[in-house]
Amino acid sequence: MVLKFLRMGMVTFSIFSIVAIPILFPINTINQGELSGLNYLTMGNVIDDVRTWAHCLLAVILSGLVWYYTFRETKIYVNLRRRYLLSPEYADSVAARTIYVPSIPPNINNAQTLERIFSKFPGGVRRVWLNRQLDDLPELVQDRQKAALSLESSITKAILATYKHNMKQAKSNNNQVIEEEGGLSESDIPEKLRPKHRESAIPLPCFGRKVDSIHFYHQKIKELNKTVSEKQAEANTFKQVNSAFIEFNQQVAAHMAAQSLMHKDSMQMAPRYIQIAPSDIIWENMNIKSYERLFRRFASTVITAVIIIFWAVPVVFVQAVANIEKLAEVLPFLSVVNELGPTAVGIIQGILPAVALSILISLVPVIFGILSTKEGIPQKSFVQLSVLHKFFFFQLIDVVLVSTLSGGALAMVQQINTIASNPFGIIDTLSENLPKASTFFITFVMLQSTNQSGQSMLQLVPYILSYVMPFFATTPRDIYTQKKTCPTVNLGTLIPAQTVIFVLGLEYGVIAPLILPFVCLFFILQYFVYLYQFLYVYEIPFETAGRAFPRAIRHIYIGLFIAQLTLIGLFGIRTGARGQMGVIIATLICTAFALYYYDRAFKPLFKYLPVSVFDDDESNDPKKTDVAIVTPDSNTSREELTSEHVVKTGYTSDDSASSIKHMRHTPALTKRVTNSSSNSPTSFDAYDARKQLLARLDAERGKDTEELKSESDRIIAAAKSLYASESYMHPSTYTPKPTIWLPEDDLGITQKEMKELESLEIDSSSRGAAIVRNDKGKGIVTIDEESLVHDSQGIPGSGPSPAVQSNVNNYVRVLVDSYNFANAIQAPI
């Protein structure tokens, strides 16, 4: 949707530039005032009020273009969003059928009651995840992972040091040195090369006792494996928090439940969130009540307003630098700058303020991100959308309005006093200063169009790091991460930087038409740059289905309101432009009506899917029906269908429920069969279902190869159901034991270490990693990039993130492999 917004800006301002520039330049300059500099090309240079009819009519044309393209592009966006949400890959995922329910009262915060409440929707409930307070389990899992990474690093560094040590000994022609050093074999790490570190509760270099790093991490991982496994086994006994995830059998039920009034008391079980992906969850915000969330949001808004107000001080100073002569009158020591010559003064006034403003702006999103997270928002993507709003208003006020109001430090003080006594006087102040401020914003837009696009394409910092970071990559995991990880983009900071240019184009497009070519250049360059970046560079960690697009449209309308109010003030101070002012007032009213109609027409479609698309997509499409439709005259019962499924598959896996969910009763409002029946293959409580599925997989151990081949379909079905049951559990409740990934070496050190790890019941592997000697005999860690990265085999022992549909088969492969089933099972995956 970022590209759609950029394309809309490109088309809108290209059309308007073709129309406006040939008209406004002659009207502003020929036989009019004699303002100096670029102000000569602005509306402020027009003396004849009759000529301002051109500005008035062009402002109406620009408003019409905005109305047309916002409605047109939003209709296209809604259709694209609907097609994406109904696409088989997404519609079949757990996230498409799941809602998040906060602020659940204690008396109904259990799986049975929640299933009873939400089963009133079509298809009923498939699974319930009760969120729990896991105490120190997440920290223990994190400590275990850190210990595993430290162990990999310690062993790999020790192997490389041994290579180097042996190479030095070979050069000194001391071939017996290895046997002479305490009777060590070639597969042993010399004692003096074994890594050591200080272990202390105080994280300082000189505190604590020295320990052998390898032995220390062996014991730490062994102890943590035992502790974590015990806590994971009793995860369903942890104290519940006041929220849950509810998965339905049908996607339409999730959309209906998200919009319904669920509880008789206010702010209970509300607001509900839909289409929340497991990788998008902020687990720390799962126990925040609705009233508490409202208070947090209010506090965050107040702090944001304070930041915006006080950040205006450095912004005003930066803007004042654009008029160094007036600033030198206030600060006499700056009078030296005027003596540097016209070239230096021009650079200081034209380029330096824009660069300094860009630096000031870049510091704010970090603060806004922290505030948005503390609001209690349960999704990382929605934190970005919250930052998007905050950052836009910051730029709108501190970059556009404050910079426009400040014609210099002293003038700003006078204007503040005037505005304080007459708040509506801000329109006249804007009208007087807009033509004067146009020089600053023209250079600002020019800088953004060239510098920002160039930086985005060049990716200078990642490019430099791509050469620097390999020197710090010592383990196979480090190398894999560098090869596999792509840079991400934060929409919360990307889109406001684009919408503020759109707003500047709306505000100055009529008043100072010289800005239009640079606005067009900005959107053209940005479009092609980000088209390439999104195709080949950026990786989006979570999908919002374009929820940022309607927010950007709203920001455009805010900018359009400001532009029209400014023109009303600009025409209002001209005695001969009353008619023009009336036309713009009428245009302002039309804009308000357009925004009202926009919200009424499209706002519900930004969040939910209409019921009619499910009727067309599911009921009328025979390809999406797994079993026959059950009519009132049908004698087929659910028990018979279940038995038939068992006969066909030989196994009552959880997939039987997913097939049964497609049964339809008539009339259409009759509730479909659900997982809550006594004949349910697995429990609707996610933790109980996971235990049942793990028990089924455990039962397969020890069977011979032929039997496993014949039962491969049901084993894979159980593995996929297990994958789904873990979707909305906290990752620490199911994270498996870490696999220590070591590179294979020709000295045999890795194999010896792996045997020792096996004796400690610690998983290890050397698949796809090896240490090879370069021309000088020095050891270098390498990985099989073709199989691990390009063929997506991944790191040994690590599965993909839950509920990512494209990773289901990889998950099943890893799971089946971890259970040591026959290789034949992997064939149908």
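This is a predicted model: local features need pLDDT of at least 70, side-chain atom pairs count only at pLDDT 80 or more; totals for chains, interfaces and linings use all residues.
Which residue forms a salt bridge with Asp-599, and how far apart are the closest N and O atoms?

Residues are numbered from 1 along each chain as its sequence is written, and side-chain values use heavy atoms, with hydrogens and water left out.

**The whole protein**

Start with a cartoon view: the protein has 32 helices and 10 strands, taken as DSSP runs (H or I, at least four residues, for helices; E, at least two, for strands) and numbered from the N terminus. Of the 829 residues, 51% are buried; buried means under 20% relative accessible area, exposed over 50%, and partly exposed in between (1.4 Å probe, protein chains only).

**Asp-599 and Arg-554**

Now select Asp-599 and Arg-554. Arg-554 is the salt-bridge partner of Asp-599, with the closest N and O atoms 2.3 Å apart. A salt bridge here is a side-chain nitrogen of Lys or Arg within 4 Å of a carboxyl oxygen of Asp or Glu. Asp-599 sits in helix α23 (residues 578–607) and Arg-554 in helix α22 (residues 548–572), so the pair ties together parts that are 45 residues apart in sequence. Arg-554 is partly exposed, at 29% relative accessible area.

**Arg-194 and Asp-212**

Move on to Arg-194 and Asp-212, whose side chains meet in a salt bridge (2.7 Å, N to O). Arg-194 is in the loop between α6 (177–180) and β3 (196–199), and Asp-212 is in strand β4 (residues 209–212), so this pair links parts 18 residues apart in sequence. Are these two residues buried or exposed? Both Arg-194 and Asp-212 are buried.

**Glu-292 and Arg-296**

Zoom to helix α9 (residues 290–310), where Glu-292 and Arg-296 lie 4 residues apart, about one turn of the helix. Their salt bridge has its closest N and O atoms 3.1 Å apart. Glu-292 is partly exposed at 32% relative accessibility, and Arg-296 is partly exposed at 27%.

In total, a search of the whole structure finds 15 salt bridges.

**Last stop: Lys-164**

Finally, select Lys-164 in helix α5 (residues 137–171). Lys-164 is partly exposed, with a relative accessible area of 46%.
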